[in-house]
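Me: Hi! I have a model open and would like to talk it through with you. Could you start with the loops and then move on to the domains?

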Amino acid sequence: MALEILAWDTQDYTFLKKILLVLLCVILFLKIVRYMFGLLKEEKEPITVLVTGGAGQIGYALVPMIARGAMLGPDQPVILHMLDIEPAAEALKGVKMELVDAAFPLLKGVVATTDVVEACKNVNIAVMVGGFPRKEGMERKDVMSKNVSIYKAQASALEQNAAADCKVLVVANPANTNALILKEFAPSIPEKNITCLTRLDHNRALGQISERLNVHVSDVKNVIIWGNHSSTQYPDVNHATVTANGAQKPVRELVADDNWLNSEFITTVQQRGAAIIKARKLSSALSAASAACDHIRDWVLGTPKESWVSMGVYSDGSYGVQPGLIYSFPVTCEKGDWTIVQGLKIDEFSRDKMDKTAQELVEEKELAKSCLN
């Protein structure tokens, strides 16, 4: 009888041990899951973004977009550096006050300064909005001379103070040539890290096609802006498609009006900035700021599969474009790097347009050189 009781107690004890072991395993598993979720929720290190011309119209539209996550994503904290000239110091202070008042959760710090060295300190991304605009009665050489001086100074400050992997987007006109000047005076910044904004023109082209076909703009893709961010740029739809009823169709086929695509469409995109100034009495600040966010976001986070965007980048000779120019090409982006889309068929009409805008960039480059001398 005693042996039976002992055997029963032993079984009881073994069963109890098993239950305790299972409970310990469950607790340990829950702790691991909790820890993993904690890692997922762990905040990223802030990225420092410089905006020059921070008190200007585009800067004023751009900085809240960056602070809200429109440029780098909804979970990426940022530190904003804003630079402007001395006469705009008080206005810049006001922009900083508004950023503080907006209480953006992603905004981890704001520097508002007229000191170019302080502004460039440890920046990871530089959006160069500030520049000298062409005024009535000014010659092209006068404007170029002013911008050469500005971009030479800012390039030197970036060269000496920015983060080693700093990415630069030039917005101020003449954007392509300003980017070229910056590249010249910031030799340690890789040529692939210096770009200019033609995404605004790209977005304008998408908008014109979507309105013409009465489709959502997100259904239109793979338009191209070739060349200079100027009135010689070439908006090209020969490789663009529209998704309709679940199938992709060429834009040319759906528009079915080559005369419009080869004339009015091109001039509308080329002269859209001037049309907005005429209507608004001010430049296109909102759309430029939005395009700058699009440009950086796709560059850093990547372009969608089977899609490309337009970026002003350093020419390697692709499509017969003179190496060494900052020229707008169709590009795809992955892991923070861009690649020019290769192998697109170029017809005679396109070739002529692409060569003309390239020639203008050659002339601008020579003009910039003469200003440097």
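Reply: Happy to! Pro 174 sits in the loop between strand 5 and helix 6; helices (H or I, at least four residues) and strands (E, at least two) are DSSP runs, numbered from the N terminus. The peptide bond leading from Asn 173 into Pro 174 is cis, with omega near -5°. Before we go on, this is a predicted model, where local features need pLDDT of at least 70 and side-chain atom pairs count only at pLDDT 80 or more, while totals for chains, interfaces and linings use all residues. Residues are numbered from 1 along each chain as its sequence is written, and side-chain values use heavy atoms, with hydrogens and water left out.

Me: Thanks! And what is the phi of Asn 214?

Reply: Phi there is near 55°, a positive value in a residue other than glycine. Asn 214 belongs to the loop between helix 7 and strand 7 (220-221).

Me: On to the domains, how is the chain divided?

Reply: Domain 1 covers 47-196 and domain 2 covers 199-371, with bounds from an automatic or database domain assignment. Their C-alpha centres are 23 Å apart. Contact (heavy atoms within 4.5 Å) takes 33 residues from domain 1 and 37 residues from domain 2.

Me: How much area is buried between domain 1 and domain 2?

Reply: About 3,000 Å², with carbon and sulfur atoms giving 69%. Buried area is the accessible area (1.4 Å probe) that two parts lose on being put together, summed over both. On the domain 1 side, Gln 57, Asn 176 and Lys 192 lose the most area to domain 2, together 20% of what that side buries.

Me: Which side chains meet in a salt bridge there?

Reply: Lys 192 and Asp 337 do, at 3.3 Å, N to O. The count between the two domains is one salt bridge, meaning a side-chain nitrogen of Lys or Arg within 4 Å of a carboxyl oxygen of Asp or Glu.

Me: Which element gives the largest share of the side of domain 1 that touches domain 2?

Reply: Helix 6, with seven residues. By class, that side of domain 1 has 20 nonpolar, seven polar and six charged residues. Here Ala, Val, Leu, Ile, Met, Phe, Trp, Tyr, Cys and Pro count as nonpolar, Asp, Glu, Lys and Arg as charged, and the others, Gly among them, as polar.

Me: Back to salt bridges, how many does the rule count?

Reply: Nine. One of the salt bridges joins Asp 298 to Arg 199, with the closest N and O atoms 2.8 Å apart. Asp 298 lies in helix 12 (residues 285-301) and Arg 199 in helix 7 (residues 199-213), so this pair ties together parts that are 99 residues apart in sequence.
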